[in-house]
Amino acid sequence: MPPTVPESFPATWSRPVDAHVHGSVDRSRRLALRVVDPGSTIAEDRPRCWGLHPWTLEEATWGERFETLAAQARRGELDALGETGMDRLRGPDLSLQEDAFRAHRDLSEELRLPLVVHNVRCGSELLRLRKSHRSDLPWLLHGWTGSVTQARQFLDAGCLLGLGRDLLHPESPRRALLARIPRDSWLLETDDSSLPIEKLEIVAGSITGQDLQELRRQQHETFARFLGTPRHPSFPG
Ligand SMILES: [Zn+2]
């Protein structure tokens, strides 16, 4: 069966998928979900997302920034929300981070937009926030570095994992994780690095036993499922 890639992002399997990118992207070479600057509306620069990163939150200003974000999302100018999330090691007080995350989660539900989530040692909090809301929209836990047990809990809750440069380290625990989770449960990403996504494809394929064509086909399918909203007939449910 052919993959159900949303029509607005025509893709061929010759292009790799990059699920989370900061910085500029040559879209002829990658099907990438790019984190854009506030207000960016260049028509061909899609798919794109925007969110308040937890490191940037300030009590006095985040509400106003969030309203700007919400207005842009309501105009249909974003394909996903994020990156947003919670970070135990950096950023303001966790209660403020949680307030901001809840606001993103609720907007994501309201507009049926998937969420790109930053998580540093806040897996339990984020799982609680997912389950308490019975969300059925996919969240991409980008740059996953948590445990296998917690990875499974997020997958069971309908989330996806983003895996990146960490896979290049031969000793990375993410290699063992990748070998054990379903092939439709993760996406590759370069994040803020200049690493070619093709390098990650080669490593990931060698771990999962997929050849390049099979890996790309699967990544396109998973990416389409992640981005699939009611605007795209491919969205399940
Ligand atoms: Zn990022």
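This is a predicted model: local features need pLDDT of at least 70, side-chain atom pairs count only at pLDDT 80 or more; totals for chains, interfaces and linings use all residues.
Where is the place of Arg 121? Arg 121 sits in the loop between E5 and helix H3 (123-131).

Residues are numbered from 1 along each chain as its sequence is written. Helices (H or I, at least four residues) and strands (E, at least two) are DSSP runs, numbered from the N terminus.

Confidence comes next. pLDDT is the predictor's confidence in each residue, from 0 to 100. The chain averages 90, and 91% of the residues score at least 70. Over residues 1-11 the pLDDT is below 50, and this stretch has 19 contacts in the model beyond near neighbours in sequence. Two residues are in contact if their C-beta atoms, placed from the backbone, lie within 7 Å. Residues 229-237 also have a pLDDT under 50, with 12 contacts beyond four places in sequence.

Now the sheet. Strands of a sheet pair through backbone hydrogen bonds, either parallel or antiparallel. Here there is an open sheet of 8 strands in the order E1-E2-E3-E4-E5-E6-E7-E8, with parallel pairing. Two strands count as paired if DSSP finds at least two bridges between them. E1 and E8 stand at the edges with a single partner strand each, so one side of each has no neighbour in the sheet. Neighbouring strands are turned by 30° against each other on average, direction ignored. For that angle, axes are lines fitted to C-alpha atoms, for helices over the stretch in contact, and angles run from 0 to 180 degrees between N-to-C directions.

Asp 18 stands opposite Ala 32 in E2. Of the 6 residues of E1, 5 are buried, so this strand is largely enclosed by the rest of the structure. Buried means that 20 or more other C-beta atoms lie within 10 Å of the residue's own; exposed means 12 or fewer, and partly exposed is in between, with C-beta atoms placed from the backbone. The bridge partner of Leu 161 in E8 is Trp 186.

Next, the helices. H6 (residues 197-208) has 12 residues and reaches 16 Å from its first C-alpha to its last, close to the expected 16 Å. The expected span is 1.5 Å times one less than the number of residues. Which residues of H6 are buried? They are Ile 197, Leu 200 and Ala 204. These residues cover an arc of only 55° around the axis, which puts them on the same side of H6. The arc is that of the directions from the helix axis to the C-beta atoms. An α-helix has 3.6 residues a turn, so residues three or four places apart point the same way. On the other side of H6, Glu 198 and Ser 206 are exposed. The cover over the buried residues of H6 includes strand E1 (17-22), helix H5 (173-180), strand E8 (186-188) and helix H7 (212-227). Gly 209 follows H6 and has a positive phi, near 80°.

H7 has 16 residues and spans 22 Å from first C-alpha to last, close to the 22 Å expected. Its buried residues include Leu 215, Phe 223 and Leu 227.

Now some backbone details. The peptide bond from Arg 46 to Pro 47 is cis, with omega near 0°. Pro 47 is in the loop between strand E2 (31-35) and strand E3 (48-50). The bond from Gly 82 to Glu 83 is also cis, with omega near 15°, and Glu 83 is in strand E4 (residues 80-87).

Back to Arg 121. Its phi is near 55°, a positive value in a residue other than glycine. With 12 other C-beta atoms within 10 Å, Arg 121 is exposed. Arg 112 has a positive phi of about 60° and is not a glycine. Arg 112 lies in the loop between helix H2 (94-111) and strand E5 (115-120), and its 13 C-beta neighbours inside 10 Å make it partly exposed.

Last, His 53. This residue is in the loop between E3 and helix H1 (62-74). Leaving aside neighbours within four places in sequence, His 53 is in contact with Glu 83, Thr 84 and His 118. His 53 is partly exposed, with 17 other C-beta atoms within 10 Å.
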